[in-house]
Amino acid sequence: MKTIDSIPTSKIQRASKLVTTGAKIGVNYLKYYGDKITKTENEAKARLNENNAEDIYDGLKQLKGSALKVAQMLSMEKSILPQAYVEKFSLSQFSVPPLSPALVTKTFKKYFGKNPNEIYDKFDSVSVNAASIGQVHKAEKDGKTLAVKIQYPGVAESIASDLSLVKPIAIKMFNIRGKDSDKYFKEVENKLVEETNYVLEVAQSQAIVEACHHIPNLKFPNYYPELSSDRIITMDWMQGVHLSEFTYKNQEIANKLGQALWDFYMYQIHKLKKVHADPHPGNFLISPENELIVIDFGCMKTIPDDFYIPYFELANKENIANPEYFEQKLFELEILREDDSKEELVFFRAMFHEMLSLFTQPFNQETFDFSDEVFFGKISDLGAKYAKSTELKNMNGNRGSKHFIYINRTFFGLYNLMHDLKAKNIKINNFKTY
């Protein structure tokens, strides 16, 4: 794969790249109108989606950082985006052009004052994995095989400007109105800032490893603060395949991995009141012994009680079935607003009743089958229904606590991972036994 010798870091450079990408999209639409003459609407639209997804991804992967992270987050929204976008954006999880060896050495000189070969006994200057915020290199020291994660130059400094470029698009996509809408963008910005703080990530990683190491069939790397800095992390090299590349062997193994993954998340959420809020396949490996390895804790979300309590009270089907109680919790979670019109109250009450009645089904059973195609088909259909809703597009989409952004992302990602594993007979409350 071709390496990158420089990354656009100024707001003008990054905006120019997006303008160039926008021009390519304009050309794609011209092709689309031409295709409609000789092809069916579905064929023409499919080609448009493929071309746009490729051009947008190609532009974002050169920018890296927050812009590419947004693509990574969107790739998990399988029920919202066309499949062409999901497939292309999912590459941002672990397959983007890496930094050149010269730029890697320059980064080490900046943060350690030394070349990597002066720090490690052996260091491979060609990365083995490149994602949205950083890339990973293999190294050796004192007989240990290590993974060294290096953050791309300028990523941390460009977060605010990247989000300012993305904000108008997000406002249009999600129909966000109102003076307090900035709380959502600030939540994303704060989390991205945390993700670029590698000293914080090492501390979070060590804390979660200590708290969760007792959960069966889970493995974590050791972290080395003395070989880490603001922009570089050194940890154990973990042998395994990415969860997305895992070859299904038998149902027993799928169930074991699924139970470990589910228990890991439920234990964090209910016992620690914080959660690994980045559940995409690139953050998980499957060991040769068929154990689940968790390798990235850059995005951790603390769950305050004033959100946790009503959120999980609405996971109870009896509460969903109680109209007055249900409405009260929707107000507590800021889904319904005091300034809503009568039409908005009726619409969003019905919408969230339909969504929660479906999405919370696993929490109202002792065991659940995450391989159930019917269940996930209903989720996909419901997402498509509201994505196409003209009524929803005419209403204020600025609703819901800011905490929904990462908690919903966590559950959508977790459900998708569980479904990809085809895990069955998962004990929903098994975390209570630890």
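Contact means heavy atoms within 4.5 Å. Helices (H or I, at least four residues) and strands (E, at least two) are DSSP runs, numbered from the N terminus. The model is predicted: local features need pLDDT of at least 70, side-chain atom pairs count only at pLDDT 80 or more, and totals for chains, interfaces and linings use all residues. Residues are numbered from 1 along each chain as its sequence is written, and side-chain values use heavy atoms, with hydrogens and water left out.

**Exercise 1. Helix H14**

Find which residues of H14 are buried, and what they pack against.

Step 1. Apply the burial rule. Buried means under 20% relative accessible area, exposed over 50%, partly exposed in between (1.4 Å probe, protein chains only). Glu344, Phe347, Phe348, Met351, Phe352, Leu356, Leu358 and Phe359 are the buried residues of H14.

Step 2. Look down the axis. The buried residues of H14 fall within an arc of 155°, so they line one face of the helix. The arc is that of the directions from the helix axis to the C-beta atoms.

Step 3. List the partners. These buried residues pack against helices H12 (317-320), H13 (323-332), H15 (373-387), H16 (390-393) and H17 (404-421).

Step 4. Check for a charge. Arg399 lies over the face of Phe348, 3.7 Å from the ring centre. The rule asks for NZ of Lys or CZ of Arg within 6 Å of the ring centre and within 35 degrees of the ring normal.

**Exercise 2. Two aromatic pairs**

Classify the pairs Phe220 with Phe297 and Phe312 with Phe411.

Step 1. State the rule. Rings of Phe, Tyr and Trp (its six-membered ring) pair if their centres lie within 6.5 Å; planes under 30 degrees apart count as stacked, over 60 as edge-to-face and the rest as tilted. The count comes to 30 aromatic pairs.

Step 2. Take Phe220 and Phe297. Their centres are 6.1 Å apart and their planes at 40°, so the pair is tilted. Phe220 lies in the loop between strands S5 (218-219) and S6 (232-236), and Phe297 in the loop between S10 (292-294) and S11 (300-302), so the pair ties together parts 77 residues apart in sequence.

Step 3. Take Phe312 and Phe411. Their centres are 6.2 Å apart and their planes at 65°, so the pair is edge-to-face. Phe312 is in helix H11 (residues 305-313) and Phe411 in helix H17, 99 residues apart.

Step 4. Check burial. Phe297 is buried at 0% relative accessible area, and Phe411 is buried at 2%.
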